[in-house]
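Here is a friendly walk through one protein model. Have the sequence and the 3D view open while you read.

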Amino acid sequence: AYLNRREFSISKDSIYTRFNTFASEDAFKREIMRRCPDKIDIGAVYTMPPSARFDLVAAEKELVFDIDATDYADVAITDDSLPSGGGAASCMLTAKTWPLMAVAVKVIDDILRTDFGFQHILWVFSGRRGVHCWVCDERARHLTYQARSGIADFIQVVIAGKGGSGSGSTHDSRLHPNVKPTLHPTLLRVYPILLAYFESLVFNHNLFLDTRIVELALSIIPPETKNLVREFFDKHPDSVRRWVDYKATFIDWK
């Protein structure tokens, strides 16, 4: 009775069909083997079989987070030799941002387990160029829209600039209003996870020699210290030294 109230959307040869339901696991398996779909999306569980399409009311749905390579386009290390578009550019972008997504997985998993007490968390490859997080606890499946938005808002630290995610623009990127000079205990706890990877970027990839990254870093720090950090950067052309000065400026945040 549970499975036949779950919606499955199936894509095959550019044809997308919604409201597929199955009476049993065997029926689901037979249909998937018969159709060999290109993509399957798992939807909500409704109060009645969604194939009826009549007064559908969602009864529950897992809490899902989607991390995509394009979410990190603004902070990917630039390379003028990369192609400007198409599949090759997409693959290159994914290769450059995948380590960033891996760190995001570690941080989000820690927050979901430690701050919210969730236990049944499934991380899966999205099928293209990203990662999906499925929080399957019963409590998570019955969260309201407002509660889901609240959890996402709690995790958010940086608000993207006007260009939006993946646009390559860092204009007006800023810290989330929840982030204060005295960091929240959650941010203090995940700081070591982020720092270990971040410093490997600085040391091995000359992160702070990338003009876009420098401007993004400056755009999200308090105005009263921005000029000081810029002076540090102007004095030292070396990426590692720039980071040392940058970190020293914010030592009180740790």
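There are zero disulfides in this structure, a disulfide being a pair of cysteine sulfur atoms within 2.5 Å. Take Cys133: it is in no disulfide, and the nearest cysteine sulfur, that of Cys136, is 8.4 Å away. Cys133 is buried, at a relative accessible area of 0%, while Cys36 is partly exposed at 46%. For these words, buried means under 20% relative accessible area, exposed means over 50%, and partly exposed is in between (1.4 Å probe, protein chains only).

Before going on, a quick note on where this comes from. The model is predicted, so local features need pLDDT of at least 70 and side-chain atom pairs count only at pLDDT 80 or more, while totals for chains, interfaces and linings use all residues. Residues are numbered from 1 along each chain as its sequence is written, and side-chain values use heavy atoms, with hydrogens and water left out.

Now for the sheets. Helices (H or I, at least four residues) and strands (E, at least two) are DSSP runs, numbered from the N terminus. Two strands pair if DSSP finds at least two bridges between them.

Angles run from 0 to 180 degrees between N-to-C directions, and the axes are lines fitted to C-alpha atoms, for helices over the stretch in contact. Inside this sheet, β1 (residues 6–12) and β3 (residues 39–46) run antiparallel and are joined by five bridges. Look for Ser11, which stands opposite Lys39 in β3.

Another open sheet has three strands, ordered β5-β7-β6 and paired antiparallel. Its edge strands are β5 (63–68) and β6 (121–125), each pairing on one side only. Ignoring direction, neighbouring strands of this sheet are turned by 15 degrees against each other on average. Six bridges link β5 to β7 (residues 130–135), and Asp66 has His132 in β7 as its bridge partner. β6 and β7 pair over five bridges, and Trp123 is partnered by Cys133 in β7. These two strands, β6 and β7, form a hairpin with four residues between them, and Gly127 in the turn has a positive phi of about 105 degrees.

On to charged side chains. How many salt bridges are there? The count comes to 10, where a salt bridge is a side-chain nitrogen of Lys or Arg within 4 Å of a carboxyl oxygen of Asp or Glu. Among them are these:

| Pair | Closest N and O atoms |
|---|---|
| Arg6 and Glu62 | 2.8 Å |
| Glu31 and Arg35 | 3.5 Å |

Arg6 lies in strand β1 and Glu62 in the loop between β4 and β5, so this pair ties together parts that are 56 residues apart in sequence. Both Arg6 and Glu62 are buried. In helix α1, Glu31 and Arg34 are three residues apart, about one helical turn. Arg34 counts as exposed, at 60% relative accessibility. Glu31 and Arg35 are four residues apart in the helix, about one turn. Through shared partners, salt bridges join Glu31, Arg34 and Arg35 into one network.
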